[in-house]
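Here is a short tour of a protein model, written for someone who is new to reading structures. Have the sequence and the 3D view open as you go.

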Amino acid sequence: MPTDAVMYPFKRFLPAPIYYLVRGLRAAGVGLCFAMFWGGSVIIGWLILPLLWLWPGTRATKLHRVNRFVRQGFHLFHFTMKTLRLYHRHTEASALRADGVPADQPCVVVSNHPTLCDVTSISSLFPNIVAIARPSLANNPLLRPLVRAIGYVPVGLHMLREAEERLKMGFDVLIFPEGTRTPLGGPLRTFHRGAFELAKRANVPIVLVALTCEPPALTKRLPIWKVSDRMAVNTVRPFAAITPGDSSRETAHAVEQRYRDVLGYSGGLGGAP
Amino acid sequence: MSSSLYPEIKELIVESLQLEDVDPASISDTDALFGDGLGLDSIDALELATAISRRYDVKVSQDENTRAAFRSVKHLAEFIEAQRNAGHTNG
């Protein structure tokens, strides 16, 4: 658990009634944002996307169109969280593809996964990107229409084939090789090799993105209502682009090691011993 | 008898997953294929599923039954037999 000095630095300076009022309001703000996210996803997924899908075009055109539309929603979601001083997706990167990979070259994007809003953080930055979605999200009755219509690929038997098809359509494919969120305080989980196998088969570069969130927020093992006094800043940093090796097992292992070096043992999650 | 399938399945595993340093005969009938046992991972599962559906002309779908079938060589053999028999009675 992160210490109070990291999470609640203002506690010492403010009178308790005022302090806890503000902290309560901040927790309510997070509740509001998530209500907005889920409400928006259901309304857009069930009402707006089916209409948007009727517009003529090939399947690829439709996926791109819907994906662009939904990305505006991600922007609004992050704008709200930033305005309420809760969470800010920050980047200093001038190019989202490190090491001179051209902007129109579809890539596999891999990242560590510190917070609940990493998919929206990364998707709002990259102009054409789909993610690999957990079956529990892809098959969730409320989210399903949205997740499918923006081209996200559910984990499963046809995952690699579908993801390869997205790359051919010109999408980047975002994969968290850990398979789920990095636990608070690290260490990183073992990297699965799916992302690297995909890049090898499709013969596309792999962009390595490092996420660091300070102070920690929306992390596994940290209850969602534990909102820190300061705004959580999730920094998105594409730090390298590599070509996939012949053995996805070896590539996965090497990339995992690279993340450990870049992030440090804690996975950059603050509050680690 | 499903046990006659064991050596075939073991060879298929080694062949389709290109496990060059594994002797098919050394794979246990009942030990776990994934995780602790043979140490296969999620991508191996996808490839093995494709190889099995091709070789034995059975339908590998994504459900609890299939997940159980991929536990070990023995489970796989029983799954393939069951699928074949179901196919014969239906067709």
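This is a predicted model: local features need pLDDT of at least 70, side-chain atom pairs count only at pLDDT 80 or more; totals for chains, interfaces and linings use all residues.

Gln18(B) has 9 C-beta neighbours inside 10 Å, so it counts as exposed. The cut-off for exposed is 12 or fewer.

Now for the sheet in chain A. Seven strands form an open sheet in the order 1-7-6-2-5-3-4, and the pairing is mixed. At the edges sit strand 1 and strand 4 (153–154) of chain A, each pairing on one side only. Helix 8 (residues 194–202) of chain A packs on this sheet and touches strand 2 (108–111), strand 5 (172–175) and strand 6 of chain A. The direction of helix 8 makes about 160 degrees with that of strand 2 of chain A.

Strands of a sheet pair through backbone hydrogen bonds, either parallel or antiparallel.

| Strands of chain A | Sense | Bridges |
|---|---|---|
| strand 6 and strand 7 | antiparallel | nine |
| strand 2 and strand 5 | parallel | three |
| strand 3 (residues 129–133) and strand 5 | parallel | three |

Thr212(A) stands opposite Thr235(A) in strand 7 of chain A. In strand 5 of chain A, Val173(A) is the bridge partner of Val108(A), while Asp172(A) is the bridge partner of Ile129(A).

What about the two faces of strand 5 of chain A? Both are covered: Asp172(A) and Leu174(A) are buried on one side, and Val173(A) and Ile175(A) are buried on the other. In a regular strand the side chains alternate between the two faces of the sheet.

Two prolines deserve a look. Pro215(A) is in the loop between strand 6 (206–214) and strand 7 (232–242) of chain A. A cis peptide bond joins Glu214(A) to Pro215(A), with omega about -15 degrees. Most peptide bonds are trans.

The other one, Pro244(A), is in the loop between strand 7 and helix 9 (248–263) of chain A. Pro244(A) counts as buried because it has 21 C-beta neighbours inside 10 Å. Setting aside its neighbours within four places in sequence, Pro244(A) is in contact with Phe196(A), Ala199(A), Lys200(A), Ile206(A) and Thr251(A). Take Ala199(A): 45 residues separate it from Pro244(A) in sequence, yet the two are 6.1 Å apart in space, C-alpha to C-alpha.

Finally, how many residues of chain B are in contact with chain A? There are six, and they meet seven residues of chain A. On the chain B side, these divide into three nonpolar, two polar and one charged.

Technical notes. Residues are numbered from 1 along each chain as its sequence is written. Chains are lettered from A and ligands numbered from 1 in the order in which they are written. Helices (H or I, at least four residues) and strands (E, at least two) are DSSP runs, numbered from the N terminus. A residue is buried if 20 or more other C-beta atoms lie within 10 Å of its own, exposed if 12 or fewer, and partly exposed in between; C-beta atoms are placed from the backbone. Two residues are in contact if their C-beta atoms, placed from the backbone, lie within 7 Å. Ala, Val, Leu, Ile, Met, Phe, Trp, Tyr, Cys and Pro count as nonpolar, Asp, Glu, Lys and Arg as charged, and the others, Gly among them, as polar. Two strands pair if DSSP finds at least two bridges between them. Axes are lines fitted to C-alpha atoms, for helices over the stretch in contact, and angles run from 0 to 180 degrees between N-to-C directions.
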